[in-house]
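Here are a few friendly notes to read alongside the model. Please have the structure open as you go.

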Amino acid sequence: MNYAIKPKTYQGIIHIPPSKSDSQRAILIAALANRTSVLINVGSSNDEMAMLANAEKLGAVITRIDEKTLSVAGNFDQTIVSELNCGESGLGARLLTPVATLKTQPVTLTGEGSLVRRDQTFFERFLPQMGVNVQLTNEKLPIRVSGPLKPGTYSVDGSESSQYISGLLIAFSQTEGTTLLQVENSTSKPYIDMTLHTLKSFGVHIEEEEKEIYKITGKQPITEASYTIDGDWSSASYWLTAAALGMKISVQGLSLSSKQADKAILNAFMLAGCRILNTENGLKIDGTDRKPLDFNATDCPDLFPALTTYAALTPGLSRIKGVHRLANKESNRGKALQQEFTKLGVAIRVEEDTMFIEGVETLLPAVVSSHNDHRIAMCLAIASIAGRVELTIEQADAVGKSYPGFWEDLEALVC
Ligand SMILES: O=C(O)C1=C[C@@H](OP(=O)(O)O)[C@@H](O)[C@H](O)C1
Ligand SMILES: C=C(OP(=O)(O)O)C(=O)O
């Protein structure tokens with residue numbers, strides 16, 4: 001689908017959808033429980049729907065109480081599973097692969113779209129020492145794993161992603177016996193902390209004994225019955241950027257005490273001279289005195305697209321560090337941002353690990369592509385409305401991966 005945006009006045013309040021990162025964690029943990037959990041504020045993005053379908057394959061009986069409330073009755077130990085389809089969710093694949101190794105029968109994990117083009121070779125590097133037989137298909141999905149996962153003392157390189165570390169933490173909490181997991185070169189650490197926090201909310205305690213050494217007691221019962229998912233800071237980053245660029249937009253549904261990595265957008269904006277206003281209509285950003293960015297996004301890589309839009313429309317040279325974290329996402333995001341913003345007349349160059357963006361006063365009208373990446377589609381939409389420039393975005397339906405209501409929310413802001 002192509003989506004055409006014309007210069008108009010956009011203003012109003014956005015009710016932000018739930019965090020797909022946290023929903024996927026909560027659905028999976030609830031599916032591993034020997035009891036019924038109630039999940040409140042679950043989203044309906046494609047990634048969340050894929051995790052729900054997999055939770056059912058893992059034996060959970062899921063009942064919809066209302067649009068955003070689910071009851072999940074786990075039955076993991078009694079269920080035989082042979083195949084899981086992760087859709088396009090990188091997180092789904094990286095959480096479910098370690099969890100699938102809790103089974104003694106082989107399990108094949110497949111995926112769709114951009115996910116089948118993403119590298120998964122890290123599984124071959126550490127799962128075999130943990131007693132798991134691993135077969136990838138040309139370094140990618142489908143992956144076939146045969147467990148069972150053996151508890152022990154392990155060291156794992158975490159430089160490529162935090163997602164498989166999160167998967168291991170969840171899986172080892174359900175093995176027979178204690179594990180000491182040392183993570184070398186850990187990255188996206190706030191996402192690991194989120195996993196520990198969600199597990200803890202369900203009664204599963206993992207200690208970080210020393211920095212990045214986790215002591216995981218096995219067979220921990222999942223005890224908590226009710227869990228509420230926070231609003232999504234990653235989805236909010238686009239609207240907060242629009243606000244920083246001068247639009248009268250406020251965002252409701254965000255928790256300032258959230259564990260989400262992308263809450264760091266507030267630091268990025270504060271360091272760039274923006275003011276954060278927590279009003280009764282929601283969170284607003286006042287970017288009147290804004291300056292270019294000088295920000296390290298290594299541990300919050302999903303902020304790159306929104307921050308690039310901010311930088312593109314903020315005169316001066318912005319620098320964002322952490323480009324190496326973008327290569328193995330839904331698109332090669334560093335390259336996609338460079339290509340598409342060049343069409344808008346914004347010069348972006350990458351030197352080593354830093355992206356330099358030269359901000360402009362006016363953008364050029366263009367036909368741009370999302371590269372089938374939800375975050376590229378959303379940041380281009382914000383560039384269009386904040387830059388008051390006509391854009392046609394190709395493959396605009398990519399937003400369904402995290403924020404299926406994005407275009408409706410945008411239209412609702414038209415005055
Ligand atoms: O754990 C998570 O929910 C996520 C972790 C991050 O991945 P990396 O750890 O690979 O950076 C992030 O980019 C992804 O969108 C969601
Ligand atoms: C990279 C992302 O997600 P995942 O890795 O879970 O597919 C994302 O949402 O930007």
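**Ligand site, then domain interface**

1. Ligand 1 is surrounded by Ser-21, Arg-25, Leu-91, Ser-161, Ser-162, Gln-163, Ser-188, Tyr-191, Pro-301, Asp-302, Arg-325 and Lys-329, each with a heavy atom within 4 Å of the molecule. This is a predicted model, where local features need pLDDT of at least 70, side-chain atom pairs count only at pLDDT 80 or more, and totals for chains, interfaces and linings use all residues. Residues are numbered from 1 along each chain as written, chains are lettered from A and ligands numbered from 1 in the order written, and side-chain values use heavy atoms, without hydrogens or water.

2. Ser-21 places a polar side-chain atom 2.6 Å from an oxygen atom of ligand 1. A polar side-chain atom of Ser-162 lies 2.6 Å from a ligand oxygen atom, and one of Arg-325 also lies 2.6 Å from an oxygen atom of ligand 1. The protein covers 95% of the 380 Å² of accessible area that ligand 1 has on its own (Shrake-Rupley method, 1.4 Å probe).

3. The protein chain divides into domain 1 (3-17 + 231-412) and domain 2 (20-228), with bounds from an automatic or database domain assignment. Their C-alpha centres lie 29 Å apart.

4. Between them, domain 1 and domain 2 bury about 1,700 Å², 45% of it on carbon and sulfur atoms (accessible area lost on being put together, 1.4 Å probe, summed over both). On the domain 1 side, Lys-259, Asn-328 and Lys-401 lose the most area to domain 2, together 36% of what that side buries.

5. Which side chains meet in a salt bridge? Those of Lys-401 and Asp-47 do, at 2.7 Å, N to O (side-chain nitrogen of Lys or Arg within 4 Å of a carboxyl oxygen of Asp or Glu). The count between the two domains is 1 salt bridge.

Key: Buried area is the accessible area (1.4 Å probe) that two parts lose on being put together, summed over both. A polar contact is a pair of N or O atoms within 3.5 Å; within protein, one must be able to donate a hydrogen and the other to accept it, and residues adjacent in sequence count only if both atoms are side-chain atoms.
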